[in-house]
Amino acid sequence: MNYDCLIIGGGLAALTCGIKCAGSGLRTGIISGGMSALHFSSGSIDLYGYEDDRTIVYQPFEKIEKIISQNPLHPYARCGMAIIQEAMRFFKNEASCGGLELYHNEESNHFHVSTLGTIKPTYFSQRSVFNEDIKEAFRQRPKIALLSFAGFRDFFPKLAAANLQKSSLFRHLEIITGEVILPMYSKTARNPHEFRSIDIARIFDSERYITNIAEQIKKASQGAVFAGMPAFIGITNYNKIYRRLRELTGIFVYEIPTLPPSILGMRIDDALKRRFAELGGEFIAGDRIVGGEIIDGSLDHVHTENHGTTRLRARSYVLATGSFFSGGLTSGFNILRESVFNLKLFCQQERNTWYSPRFLSTGGHPFLAFGVETDDNLHPFTQDGKTVENLFCAGAVLGHYRPIVEGCGGGVAVSTGYAAAKKIIDACRTSSQ
Amino acid sequence: MKSIETKAIVIGGGATGCGTLRDLTLRGIEAALVEQNDISSGTTGRNHGLLHSGARYAVKDLESARECIAENKILKKIARHCIEDTGGLFVTLPDDDPEYHNRLIEHCKYAGIECEELKLEEAFRIEPHLNPYILSALRVPDGTIDPFRLCSANILDSMERGGKVFTHTRVDAIIAEGGTAKGVRCIDEVSSEPFEIRGEIIINASGVWGQRVLSTAGINLTMLPSKGSMVIIDYRINNVVVNRCRVPSDGDIIVPGDTVSIIGTTSRTIDYSDIEKLTVDDDEIDVLISDGEKLIPNVAKARVLRAYCGVRPLVAVSGNVDGREISRGIVLIDHESRDGIKGLITIAGGKLMTYRLMAQWTTDLAVKKLGLSKKCSTFHTPLPGSEQKVKKPQIRQFTGMPNSIIGSTLYRHGNRVSSILSRQNRNFSLVCECEMVTVGEVEYALKKLNVKNIIDLRRRTRIGMGPCQGELCSYRAAGLFNELGAASPIEASQLLIDFLEERWKGIKPILWGDALREMEFTYWIYQGLFGLGDIAERSEDE
């Protein structure tokens with residue numbers, strides 16, 4: 001099989017890159033081992049959220065400007081400001097084409113509320129989390145209800161309410177908590193495993209129970225303007241169900257991302273995959289690239305777990321396999337390596353320097369910043385220090401940034417995925433001229 | 001200051017303390033127990049959980065071996081739900097002295113331990129993953145014992161007989177007036193409130209911490225702490241206990257337990273001042289894993305779940321010690337004859353296996369000092385949950401619930417399963433999916449088993465002990481603490497922080513491979529998704 005561009009990995013960076021390439025007419029393939037980190041994400045895209053001292057960043061682009069000038073190794077610096085801004089516009093537009101509208105607070109960050117009632121700065125959110133109407137309604141110091149489903153163990157409204165009340169934004173608001181009963185509850189509760197957020201969301205992919213739940217939400221909210229609930233408003237039919245709920249209740253049903261799987265994250269995954277397919281991209285799920293041959297500084301071919309010796313060839317390749325969690329990086333007793341090509345890593349060798357003494361330490365853990373070392377064009381280096389000309393790296397497999405501590409995981413994935421695509425498209429155009 | 005009156009006071013909630021409290025209450029003596037942390041949180045909960053047959057001691061220490069096999073037989077009767085009668089093997093590797101095998105057979109005979117020589121093919125049938133190059137194999141009646149469950153059952157029985165238990169309560173000082181111990185001054189570590197308990201007899205069963213406790217009464221007893229480290233392998237890679245047939249040394253035993261296997265143990269003398277800040281060293285992990293591999297090669301491929309260590313409380317019985325040194329292991333001291341302080345007893349040394357025997361001797365002495373004459377019955381009175389084998393009709397009431405849930409609950413709580421699961425209340429939805437811990441089990445533990453935080457809850461139920469190390473269940477547990485009225489929402493958030501930090505201690509030393517992947521995921525959820533670090537920071541500021 002031959003491609004113009006073959007992307008290894010199927011997460012946020014890979015899909016962004018794939019959509020851009022496919023949209024530009026390249027024969028594009030994505031090989032994905034399974035569910036990506038999107039399935040465990042907040043479903044909002046963070047651009048830059050926190051200063052090093054944990055104070056909140058309100059103007060992410062201004063902060064990124066500073067990062068670019070101070071830390072030339074940061075993935076944002078490899079992209080450059082113009083590409084990052086272009087990538088954000090592109091991403092919003094493509095998600096919309098895939099059926100998911102994203103909203104942002106002009107150039108500023110907005111907040112979303114977490115399961116524990118902390119507030120997190122982010123750039124893009126879905127309409128049940130942020131939009132102009134929500135922003136306006138919040139200005140009026142509204143009453144807020146936090147509701148869960150009876151018997152649901154992945155969201156405890158009382159914990160969220162108590163912590164929310166500690167934040168300066170919510171301190172003076174009236175926050176109540178309550179419960180609604182799932183129409184399917186008697187059936188669902190029978191199986192102890194089948195009561196995750198995804199099981200609830202599946203019920204609300206259709207309109208069948210919508211009037212029932214709307215009435216209950218309205219009643220349990222006791223006149224509140226917002227009803228914060230664990231994300232449940234379906235995956236594929238989200239827009240319609242959300243609109244109906246708004247009509248029926250007259251209040252803002254606000255979605256909170258809960259323990260995995262993340263409904264909000266799955267919607268992004270769903271929209272991007274749909275868009276990629278629409279543009280003619282080829283998505284190969286359930287297979288894994290296990291290696292390839294680099295000849296004269298150029299990746300010649302790769303082979304997969306399922307296809308044995310069959311060679312997959314492309315003019316350009318993108319490595320977007322994620323960090324340790326997704327399997328892009330692996331570690332052993334005292335060894336760290338990039339999983340597919342054994343590329344050169346930014347890391348520390350001694351195992352006892354990989355972590356911080358406390359789990360929740362504010363600076364995170366050193367290992368979270370480990371990743372592939374690249375040049376300015378996102379080309380990685382082999383162990384002998386040579387770059388691979390037709391291989392680009394994007395997303396969490398990259399080193400030199402701390403996605404959670406900086407609050408920039410989504411932004412880096414989208415920006416580097418987009419930047420890699422631009423370079424690949426340029427390369428294809430030059431070579432075909 | 002609040003003052004509580006009782007007859008006997010036990011200091012220390014390890015196996016010995018819990019066993020002594022039970023023995024006292026079984027003999028109808030009013031008693032209270034004070035523990036600085038949680039029951040079974042010290043040395044008791046920090047070993048590999050081997051139900052010794054005595055074979056490991058047979059060659060070197062015949063008396064300990066005899067005590068072990070006697071207690072082994074008793075525990076199999078009275079604590080059946082805390083025990084798995086797996087049996088155990090002693091295997092000789094090519095590097096080992098083949099002569100030890102014969103000596104072991106001979107000494108087991110002296111000690112009264114059944115020891116059967118196996119054909120190699122029989123050994124591989126029992127334990128297919130054994131090192132294929134073993135030279136010989138012996139079978140002994142080893143098994144596994146869950147120290148948390150054992151202590152919890154002893155405490156539960158004591159409380160049902162009127163015993164009082166104060167966990168997370170530190171003994172500040174022994175109150176000694178005119179050469180007589182009259183009680184203890186304590187501090188409730190949760191509320192920081194001081195109070196005192198007064199009684200006629202005080203039993204110090206605080207193990208290695210006894211040196212500090214006794215010093216408050218002006219008594220000098222030197223403890224020689226020795227650190228032992230272990231690693232836990234995810235999933236149970238062996239069916240039976242596998243021992244290396246040589247003089248006991250580092251990394252020569254793999255004990256299966258519940259859903260995991262544990263490689264033990266190292267032995268390092270440490271300074272007394274270090275007992276509160278123990279860490280597992282990298283080189284210990286190296287030894288345990290490389291030697292564990294020699295017994296069962298699959299260890300190399302398995303994921304390491306966590307590492308932990310405990311302190312063996314060896315007592316220096318030297319100089320003009322007037323205490324009765326009953327065996328080489330167990331030390332029972334009457335401080336009236338040793339130090340001139342009436343009403344004070346110390347029980348120390350020994351091992352988890354002999355906790356019941358130690359409790360018996362201690363209580364015998366206490367009873368004598370109180371001028372009573374009540375006989376011990378712990379050797380035949382089953383612990384709560386172990387009264388009898390659970391019969392089919394009892395299980396039938398759970399029809400409709402998944403077998404895995406009934407089985408796990410039964411495994412952990414024996415007969416008490418009936419007070420835990422309930423079809424009517426639908427309380428069998430899962431909190432911890434690795435270890436099949438249900439809402440009902442959490443509720444039962446919170447109400448009946450002295451649980452003050454999620455770390456305690458883990459010891460009662462195995463919540464957070466599985467492969468994910470509390471990734472999903474710790475939030476659920478924190479929510480349930482609030483829902484069941486055991487913590488305010490803000491307190492529940494703090495319990496969650498404390499639990500994850502406690503888990504982290506045992507993961508740090510083995511942070512590579514899948515453990516590192518899992519922790520990246522956990523950090524992602526609790527910091528990235530939930531912002532728990534912000535709450536931790538806020539509570540530090542306050």
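The paragraphs below lead through a predicted model with chains A and B, moving from domains and helices to a sheet, the interface and some backbone details.

Because this is a predicted model, local features need pLDDT of at least 70 and side-chain atom pairs count only at pLDDT 80 or more, whereas totals for chains, interfaces and linings use all residues. Residues are numbered from 1 along each chain as its sequence is written, while chains are lettered from A and ligands numbered from 1 in the order in which they are written.

Chain A is divided by its domain assignment into domain 1, built from 27–101 + 262–304 + 369–433, and domain 2, which covers 141–258; such bounds come from an automatic or database domain assignment. The centres of domain 1 and domain 2 of chain A, taken over C-alpha atoms, are separated by 33 Å. Eight residues of domain 1 of chain A and ten residues of domain 2 of chain A take part in the contact, where two residues are in contact if their C-beta atoms, placed from the backbone, lie within 7 Å. On the side of domain 1 of chain A that touches domain 2 of chain A, the classes are three nonpolar, three polar and two charged residues; here Ala, Val, Leu, Ile, Met, Phe, Trp, Tyr, Cys and Pro count as nonpolar, Asp, Glu, Lys and Arg as charged, and the others, Gly among them, as polar.

Two helices of chain A, α4 (residues 81–97) and α11, have axes that come within 8 Å and cross at roughly 85°. Axes are lines fitted to C-alpha atoms, for helices over the stretch in contact, and angles run from 0 to 180 degrees between N-to-C directions. Glu94(A), Ala95(A) and Cys97(A) of α4(A) make the contact with Ile268(A), Ala271(A), Leu272(A) and Arg275(A) of α11(A), and these residues divide into five nonpolar, no polar and two charged. Helices (H or I, at least four residues) and strands (E, at least two) are DSSP runs, numbered from the N terminus.

Helix α11 (residues 263–278) of chain A also holds Ala277(A), which counts as partly exposed because it has 15 C-beta neighbours inside 10 Å. A residue is buried if 20 or more other C-beta atoms lie within 10 Å of its own, exposed if 12 or fewer, and partly exposed in between, with C-beta atoms placed from the backbone. Ala277(A) and Ala22(A) are 255 residues apart in sequence, yet 8.9 Å apart in space from C-alpha to C-alpha.

In chain B, an open sheet of four strands runs in the order β1-β13-β12-β11, with mixed pairing; two strands pair if DSSP finds at least two bridges between them. Its edge strands are β1 and β11 (169–177) of chain B, each of which pairs on one side only, and the twist averages 25° from one strand to the next. Strand β1 (residues 2–5) of chain B pairs with β13 (residues 194–198) of chain B in the parallel sense over four bridges, and Ser3(B) has Glu196(B) as its bridge partner in β13(B). Strand β12 (residues 180–188) of chain B, by contrast, pairs with β13(B) in the antiparallel sense over five bridges. Across this pairing, Ile187(B) stands opposite Pro194(B) and Val184(B) stands opposite Ile197(B). The hairpin of β12(B) and β13(B) has five residues between the strands, and in it Ser192(B) takes a positive phi near 60°.

Where the chains meet, 47 residues of chain B are in contact with 42 residues of chain A. On the side of chain B that touches chain A, β24 (430–432), α15 (473–483), α16 (489–507), α17 (513–529) and α18 (532–541) each supply at least two residues, and α17(B) gives the most, with eleven residues. The residues of that side of chain B divide into 26 nonpolar, ten polar and eleven charged.

Some backbone details remain. Most residues other than glycine have a negative phi, and most peptide bonds are trans. A cis peptide bond, with omega about -5°, joins Pro260(A) and Pro261(A), and Pro261(A) lies in the loop between β10 (252–256) and α11 of chain A. Glu106(A) has a positive phi of about 50° and counts as exposed because it has 5 C-beta neighbours inside 10 Å. His168(B) also has a positive phi, near 50°, but is buried, with 20 other C-beta atoms within 10 Å.
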